[in-house]
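Here is a short briefing to read alongside the model.

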Amino acid sequence: MTQTFHRDRFTWLAYLLLAFYAYFLNIFGPITPFLKDELKLSYTVSSLHFTAFAVGMLLVGLFGSILIERIGRRRALWLGAFGISASALLLLAGHSPVFTIGASFCMGLVGSLILVIIPSALSDRHGRRGQWPFRKQT
């Protein structure tokens, strides 16, 4: 019996959330010159935004499973989506480097829950059918 790979609503939502996360991850490149000019930052201080985001990602990679087990995948996924959005708004509203760097850290910390959850959720949903190359299951 051959089972085909079917992208259901959750699969498309997962793809959309990954694109959403990738957008916020890559927004720092274009936004950094504007932050430097507006807040009169040095190159070193402006680069701390990238570092703070990366530190947040590392912490979620190390300890995110604890939160996901406590609140569940679904809530953690939506926490990641809304958290990265709220943190981006804080980044835009910030008038000091401490505030904007903290917002960058929160974007990496909360938003990276999306990256932790989606691969395992898709694997649970589709099993071997979701792997490349798409092969018949035996």
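F24 counts as buried, at 12% relative accessibility; buried means under 20% relative accessible area, exposed means over 50%, and partly exposed lies in between, with a 1.4 Å probe and protein chains only. This is a predicted model, in which local features need pLDDT of at least 70 and side-chain atom pairs count only at pLDDT 80 or more, while totals for chains, interfaces and linings use all residues. Residues are numbered from 1 along each chain as its sequence is written, and side-chain values use heavy atoms, with hydrogens and water left out.

**Aromatic pairs**

- Two rings of Phe, Tyr or Trp (its six-membered ring) pair if their centres lie within 6.5 Å; planes under 30 degrees apart count as stacked, over 60 as edge-to-face and the rest as tilted.
- By this rule the count comes to 7 aromatic pairs.
- One of them joins F20 and F24 edge-to-face, at 4.9 Å centre to centre and 85° between the planes.
- Both F20 and F24 lie in helix α1 (residues 9-26), 4 residues apart, which is about one turn of the helix; helices here are DSSP runs of H or I with at least four residues, strands are runs of E with at least two, and both are numbered from the N terminus.
- F20 counts as partly exposed, at 29% relative accessibility.
- Y21 and F53 form a tilted pair, because their ring centres are 6.2 Å apart and their planes stand at 40°.
- That pair links distant parts of the chain, with Y21 in helix α1 and F53 in helix α3, 32 residues apart.
- Y21 is buried at 2% relative accessibility, and F53 is buried at 3%.
- Ring pairs also link Y21, F28, F50 and F53 into a cluster.

- Helix α3 has 29 residues and reaches 39 Å from its first C-alpha to its last, close to the 42 Å expected at 1.5 Å a residue; the expected span is 1.5 Å times one less than the number of residues.
- A kink of about 60° in α3 is centred on F63, where the bend is the angle between axes fitted to the seven residues ending there and the seven starting there.
- Among the buried residues of α3 are S46, H49, A52 and F53.
- K40 sits in the loop between α2 (28-39) and α3, and has a positive phi of about 55° although it is not a glycine.
- K40 is exposed, with a relative accessible area of 70%.

**Surface patch**

- V55, L59, L62, F63 and I66 form a nonpolar surface patch with about 450 Å² of accessible area together. Areas come from the Shrake-Rupley method with a 1.4 Å probe, and for residues only the protein chains shown count as cover.
- Patches are made of residues with over 30% relative accessible area and no salt bridge; like charges are joined within 9 Å, and nonpolar side chains (Val, Leu, Ile, Met, Phe, Trp, Tyr) within 5 Å.
- L59, found in helix α3 (residues 43-71), is partly exposed at 32% relative accessibility.

**Salt bridge**

- The structure holds 1 salt bridge, meaning a side-chain nitrogen of Lys or Arg within 4 Å of a carboxyl oxygen of Asp or Glu.
- D124 and R73 meet in a salt bridge through their side chains, at 2.7 Å from N to O.
- D124 lies in helix α6 (residues 113-126) and R73 in helix α4 (residues 73-93), so the pair ties together parts that are 51 residues apart in sequence.
- D124 is exposed at 55% relative accessibility, whereas R73 is partly exposed at 35%.
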